[in-house]
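Please read it with the sequence and the model side by side.

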Amino acid sequence: MSAVRVISTAAGVTSLALCAGCGATGTGARVDASAPAGSVARTPAGSVARTPAGIDSRVAIEQGLIPTPIGRGPEFRPAARVPASGCASGALSGRYRVHVEVFGRRQAVVIPAGIGVGAGARREYGRVVGAGCRAEARTLDPTGVVHFDREDLRLGDVFAVWGQPLDGARLLSFRGRVSAFVGGRRVTGDPAGISLRDGAQIALESGGYIPPHPSFSFPPRPKP
């Protein structure tokens, strides 16, 4: 259960940290499976997390007790793009939601806010709160939560809206075999063909293994 915790000020988003089990407000996080018990990991914001004494590091990872660092460089912070087509008026918050995590070379990739929303979108503290139009799949904040309204969409539709590649050998700018997990279980075949199901937890990995979370604590839906 992981998300990107957004640490904000009145001036806007100041830092990001990948969190496990935090939903919208928690403080947990994740790291590399090779970290020994008692090891220290540092988040992008500069905070330090340590494996609790007496707890196996792999268990700590799976339970979201220590952080997985967000990778350095633009490939780990790909930009959102305005949809080239299929942008229609409607509510930003979707009828359904799915949580997507992406890892490259055993480091976390930030899925940005604003995928699938039209130009001129209004933002507050890093979250999209208004837009003239939105695509059939979209992100409103940098947590990996994807909003959608149709039950026949697939993961490849999200990446198509994003304008990014996804297949068995490509994941964003990363090349090599792509592993996919749904609900913590590995799935085979083209990851672009994974069906989007409300409440699902999907993890994509290229260049190394990160133990996937089986579920995600979604924040409450906004009141109508």
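1. F159 is in contact (heavy atoms within 4.5 Å) with Q164, P165, L166, L171, L172 and L204, when neighbours within four places in sequence are set aside. The model is a predicted one: local features need pLDDT of at least 70, side-chain atom pairs count only at pLDDT 80 or more, and totals for chains, interfaces and linings use all residues. Residues are numbered from 1 along each chain as its sequence is written, and side-chain values use heavy atoms, with hydrogens and water left out.

2. Together with L155, F159 touches the most other members of the largest nonpolar core, which has 30 residues. Such a core is a set of buried Ala, Val, Leu, Ile, Met, Phe, Trp, Tyr and Cys residues joined through side-chain atoms within 4.5 Å; buried means under 20% relative accessible area, exposed over 50%, and partly exposed in between, with a 1.4 Å probe and protein chains only. Two or more residues of this core come from each of β5, β10 (145-148), α2 (155-162), β14 (178-182) and β16 (201-206). Helix α2 gives the largest share, 5 residues.

3. As to overall composition, the protein has 2 helices and 16 strands, taken as DSSP runs (helices H or I, at least four residues; strands E, at least two) numbered from the N terminus. Of its 224 residues, 48% count as buried. Among contacts between residues at least 6 apart in sequence, 63% join residues at least 24 apart.

4. Which cysteines form a disulfide? The pair is C87 and C133, with sulfur atoms 1.9 Å apart, where the criterion is a pair of cysteine sulfur atoms within 2.5 Å. C87 sits in the loop between α1 (57-62) and β5 (96-104), and C133 in the loop between β8 (127-130) and β9 (137-139), 46 residues apart. The torsion about the S-S bond is about 95°, so the disulfide is right-handed. C87 is partly exposed, at 27% relative accessible area.

5. R134 also lies in the loop between β8 and β9. Is this residue buried or exposed? R134 counts as buried because its relative accessibility is 13%. Beyond residues up to four places away in sequence, R134 touches C87 and G90, among others including G116, V117 and D149. A polar atom of the R134 side chain lies 3.4 Å from the backbone oxygen of G90.

Terms used:
Polar contact = N/O pair within 3.5 Å; in protein donor to acceptor, adjacent residues only side chain to side chain.
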